[in-house]
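Trainee: I would like to learn how to read helices and interfaces in a model of this kind. Please take me through one.

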Amino acid sequence: MSTSLVLEQLLNGVQFGVMLFLMAAGLTLIFGVMGLINLAHGSLYMIGALVCATVAAWTGSFWLGLAASLVGTAAAGALIEVAVIRRLYGRDHLDQVLATFALILILSEGARWLFGSFALYLDIPPVLSGSVELPGGVHYPLYRLAIIAAGLLVAVGLYLLISRTRLGMRIRAGESDREMIGALGVDIQMLYTIVFALGAALAGMAGAMVGALQSVQVGMGEPVLILAFVVIVIGGIGSVRGALVGALLVGIIDTMGRILLPQMLAAVIGPAKAAGIGAAIASMSIYVVMALVLALKPKGLFPAGT
Amino acid sequence: MTRENVVSIVLLCGLLILPFVAQAAGYPFYMTLATRMAILAVAAVGLNIALGLGGLVSFGHAAFFGIGGYAAGVIASHAMNGEHLLGFAVPASMPVAWLIGMLAAGLVAIVTGLISLRTSGVYFIMITLAFAQMIYYFAISWPAYGGEDGLSIAMRNSFPGANTARPSDLFLVSFAILLVVLLFFWRLRDSRFGAALQAARQNEGRVAAVGIEPFPIRLVAFVLSAMITAVAGAMYAELNRFVSPSMLSWTMSGELIVLIILGGVGRVVGPVAGAFVFVVLEYWLGGLTERWQFFLGLMLLAIVLFSPGGLMGLLAGKARHD
Amino acid sequence: MRKILAAGLVTLSLTALATAEPVKVGLITTLSGGGAGLGVDVRDGFMLALKLNPDGAKDITVVAEDDAMKPELAVQIADKMIQSEQVDVLTGIIWSNLAMAVVPNAVAQDKFYLSPNAGPSPLAGDKCNANYFNVAYQNDNFHEAAGQYAQQSGLKKVFIMAPNYPAGTDSLNGFKRYYKGELAGEVYTKLGQTDYAAEIAQIRASGADSVFFFLPGGMGIAFVKQYAQSGVGTPLIGPGFSFDQDVLAAIGDPALGAKNTASWSPDLDNPANKAFVDEFKKAYNRLPSVYAAQAYDTANLLISASTKASVKDAEAFRAALKAAEFNSVRGKFKFNTNNHPIQDLYVREVVKDGDTLTNKIIATAFTDHGDAYAEKCAMK
């Protein structure tokens with residue numbers, strides 16, 4: 001394998017990692033602030049993609065679709081928070097699991113009701129089509145570079161939001177001591193609704209952006225949900241920085257594993273068997289990494305509060 | 001007698017008698033449905049040892065369920081083809097399948113438990129999921145026993161004194177297992193071991209202070225829990241006459257947790273109530289509309305929001321151990 | 001309320017002919033979740049055939065239910081249909097793993113199973129059964145046709161790719177059975193994978209002259225979109241599933257020009273097919289997929305058999321099915337010794353008809369093609 005190909009694959013790993021970070025950011029934020037396990041996060045991701053595809057098909061503009069999916073998922077998130085999630089904060093994690101599992105069923109079938117059984121069409125915006133030449137002679141699709149940029153922007157944005165704004169101060173206060181900030185006169189219900197809507201909008205944005213590269217259909221959220229959980233658990237639940245590092249780690253290991261394992265095995269057992277066995281091991285690799293990380297650091301790489 | 005005991009006895013008697021009444025009235029399918037309930041209840045009772053008593057929310061019990069299923073499937077298929085398993089001529093018998101399933105699941109539980117139990121809370125949920133996913137992807141791509149296509153069981157394994165091809169016999173075997181497992185759970189909960197396990201869930205620091213190490217207790221509970229769920233998995237494969245990686249999938253783990261929460265966490269017959277309601281809803285709504293999952297979701301949501309202690313909380317009041 | 005999609009009245013009159021015995025059909029298919037599009041097409045194609053032939057279908061009742069793509073649920077529904085609804089014939093399943101769960105049990109209880117899709121190799125080979133009729137294809141067929149096409153058109157260096165599960169390995173093996181040239185690469189992906197940047201980079205670096213891939217459902221949509229965006233121009237070949245009507249709209253223009261292989265195409269020139277495509281468009285306002293076509297044929301096969309023999313007379317009914325005397329939308333159709341089709345397989349190209357993407361036949365890969373497992377089947 002040539003150096004430029006290795007570089008390109010590394011870039012692919014980074015890009016996949018950033019994609020995972022977009023999905024994981026909202027999940028880890030919601031867990032960090034409210035202590036809520038939200039299995040329905042994947043459904044919000046799906047809604048974001050479906051709304052974006054539908055609006056883009058009506059208006060012919062991806063950007064309007066993206067805007068609509070941000071607004072739509074934020075609204076859906078706020079609605080879900082007020083109607084259901086709000087009743088779960090004081091409850092056991094188990095009740096949260098059951099309730100948000102029920103939400104998955106409702107949202108998936110509801111979405112199929114509204115958007116139909118077939119996958120929808122969603123293409124990347126024309127401005128971002130085509131590829132650019134990077135140093136080292138690698139041609140890389142512009143849209144994927146845009147995803148990397150968007151992911152980094154979200155990371156910086158969240159960092160600034162949490163560390164520099166009044167809302168962020170309340171979020172941090174809420175993370176460390178829930179009763180305290182109520183006593184300070186902060187409308188905690190409102191704060192939680194805002195944070196949940198923000199997390200939902202992040203999921204929706206990820207769905208819309210990644211949806212342009214993938215198949216936009218009912219059921220697209222659940223595989224992503226599992227990956228996003230892997231990412232935030234590796235990084236340390238509640239830590240945005242951890243989510244970013246975890247996502248990059250998972251993205252790079254998954255990508256390089258897929259490429260390198262079959263080739264390495266081929267040298268040992270011959271190419272005929274290596275393709276299948278290598279792929280089998282590669283598909284387990286991120287779970288192996290997760291188990292290893294947790295075996296060594298039971299609270300993830302960046303335990304919350306550090 | 002407490003209200004919980006009355007409810008428990010009524011539930012179990014209902015589960016035992018109703019399918020025979022239905023069969024006599026010309027609805028033989030309810031026998032199959034009742035068998036499914038009993039088997040899922042066994043799996044959930046197994047999980048309830050870890051989850052209900054120990055507070056160990058395992059999101060990977062489908063792994064043990066599937067291992068049990070594959071034990072039954074592999075034995076049946078080897079016997080069918082007259083092949084030896086690892087050099088032994090293994091008889092196509094259910095107790096043998098249970099034993100092998102329990103051994104295999106127990107071994108996996110020891111290894112994964114040693115690592116997983118170092119974590120807690122959401123980390124424990126996710127690390128158990130990770131181990132189950134590894135086994136799932138292995139099963140999908142490993143061709144020897146069918147991979148994703150699964151493995152059919154042409155003829156069910158035998159059970160002494162029963163004709164396992166007959167639905168009523170299979171039901172009685174499953175129901176008997178359920179009774180044994182419930183009795184075991186009940187005795188375990190009220191034993192010194194059970195007390196220590198529950199104390200470790202409620203206040204880890206205090207348990208450590210009186211000189212009890214929570215780690216080995218939890219490991220034993222986790223392994224016992226895995227072994228019981230494996231027996232249920234073996235019976236589930238016998239019932240369906242089929243085993244496939246979908247028994248190992250994370251949605252299966254999720255469903256087992258749902259059964260327990262539905263019924264009432266830590267309650268002896270909670271899993272029975274949960275399995276009863278879940279199977280009835282799935283069957284009834286599925287026959288009603290193709291949008292059944294939507295309404296199933298609404299009902300589950302209603303139960304969790306308006307009846308926090310699950311069905312047993314609703315029927316029998318607050319649990320004694322909370 | 002059972003979802004009874006009755007087609008005509010069930011006549012219980014004692015004066016009815018012996019051949020007009022009522023037939024009860026259980027249709028188990030995927031109507032919820034991500035795979036629902038295929039199941040909806042199977043159900044719609046099946047019901048359309050009954051609707052268009054009210055005379056032939058007047059004694060046929062259909063009960064339809066959703067399997068949610070779960071093998072265990074499919075088994076439970078099959079048991080219910082057999083024990084409670086007393087169905088005579090089962091049909092409808094899309095996926096091989098669900099078929100493997102349901103079919104052996106159903107035929108062991110002397111029910112008939114007609115497959116409108118999915119033909120796993122065991123059921124064509126050593127586990128074949130006289131009551132199991134596959135009206136669609138043996139799983140390897142479309143991939144074999146693609147291999148044959150690659151061989152015939154003189155391709156020298158093909159990159160092949162499929163998910164790492166039995167249908168995926170069967171696919172690549174089927175392709176290699178007829179393609180004898182060099183492989184630029186052989187890659188197995190993770191089932192359910194959504195990002196293919198790494199594989200696309202491998203394809204670009206491999207110097208392949210063509211890419212053969214089998215990625216069903218959302219995986220294929222994702223791959224083709226990302227492939228087009230990457231600018232790698234190497235032509236794509238796939239089995240018909242990768243470029244059929246259910247996914248073409250979602251892939252969009254990047255699919256244009258892709259070659260794919262199937263036993264059917266909307267432009268296949270015969271009167272039965274013309275009528276089917278027109279009526280399907282009229283009834284459901286969309287073009288039919290190959291799944292709908294196969295289900296339509298399945299229903300017509302059932303009608304042809306039920307007008308000739310009573311379903312209660314298993315032997316006669318079996319013979320009537322085996323004769324396959326119905327007007328197939330595939331033109332000619334007959335059963336092999338293992339009750340799997342002997343049929344022509346075509347090479348299609350994705351074209352634009354007005355604003356709609358669809359397929360057009362450009363070549364024939366095989367004439368009267370059977371499958372590689374028939375000789376392992378004990379039926380002669």
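Mentor: Helix α3(C) is mostly covered, with 13 of its 13 residues buried; buried means under 20% relative accessible area, exposed over 50%, and partly exposed in between (1.4 Å probe, protein chains only). This is a predicted model, in which local features need pLDDT of at least 70 and side-chain atom pairs count only at pLDDT 80 or more, while totals for chains, interfaces and linings use all residues. Residues are numbered from 1 along each chain as its sequence is written, chains are lettered from A and ligands numbered from 1 in the order in which they are written, and side-chain values use heavy atoms, with hydrogens and water left out.

Trainee: What span should α3 of chain C have at 1.5 Å a residue?

Mentor: The expected span of a helix is 1.5 Å times one less than its number of residues. Helices (H or I, at least four residues) and strands (E, at least two) are DSSP runs, numbered from the N terminus. For the 13 residues of α3(C), residues 71–83, that gives 18 Å, and the end C-alpha atoms are 18 Å apart, which agrees.

Trainee: How many residues of α3(B) are buried?

Mentor: In α3(B) 18 of the 21 residues are buried, so this helix is largely enclosed by the rest of the structure. Helix α3(B) covers residues 61–81 and reaches 30 Å from its first C-alpha to its last, close to the 30 Å expected. After α3(B) comes G82(B), with a positive phi near 65°.

Trainee: How is the size of an interface given?

Mentor: It is often given as the accessible area lost when the parts come together. Here buried area is that loss (1.4 Å probe), summed over both parts. Between chain A and chain B it is about 3800 Å², with 79% from carbon and sulfur atoms. The contact (heavy atoms within 4.5 Å) takes 40 residues from chain A and 38 from chain B.

Trainee: How many salt bridges does the rule find between chain A and chain B?

Mentor: A salt bridge is a side-chain nitrogen of Lys or Arg within 4 Å of a carboxyl oxygen of Asp or Glu. Between chain A and chain B there are zero. Polar contacts are pairs of N or O atoms within 3.5 Å; within protein, one must be able to donate a hydrogen and the other to accept it, and residues adjacent in sequence count only if both atoms are side-chain atoms. Four residue pairs (both at pLDDT 80 or more) are in polar contact across this interface.
On the side of chain A that touches chain B, α4(A) gives the most, with 14 residues.

Trainee: What area is buried between chain A and chain C?

Mentor: About 2900 Å², with carbon and sulfur atoms giving 53%. Chain A brings 38 residues to this contact and chain C 36. The interface has three salt bridges; in one of them, the side chains of R258(A) and E199(C) meet at 2.8 Å, N to O. Polar contact joins 14 residue pairs (both at pLDDT 80 or more) between chain A and chain C. To the side of chain A that touches chain C, α1(A) gives the most, seven residues.

Trainee: Is Q217(A) buried or exposed?

Mentor: Q217(A) is buried, with a relative accessible area of 15%. Q217(A) lies in the loop between α8 and α9 of chain A. Its side chain makes a polar contact of 2.4 Å with that of S215(A). Leaving aside neighbours within four places in sequence, Q217(A) has contacts including M46(A), L50(A), G34(C) and I221(C).

How values were computed: Buried area is the accessible area (1.4 Å probe) that two parts lose on being put together, summed over both.
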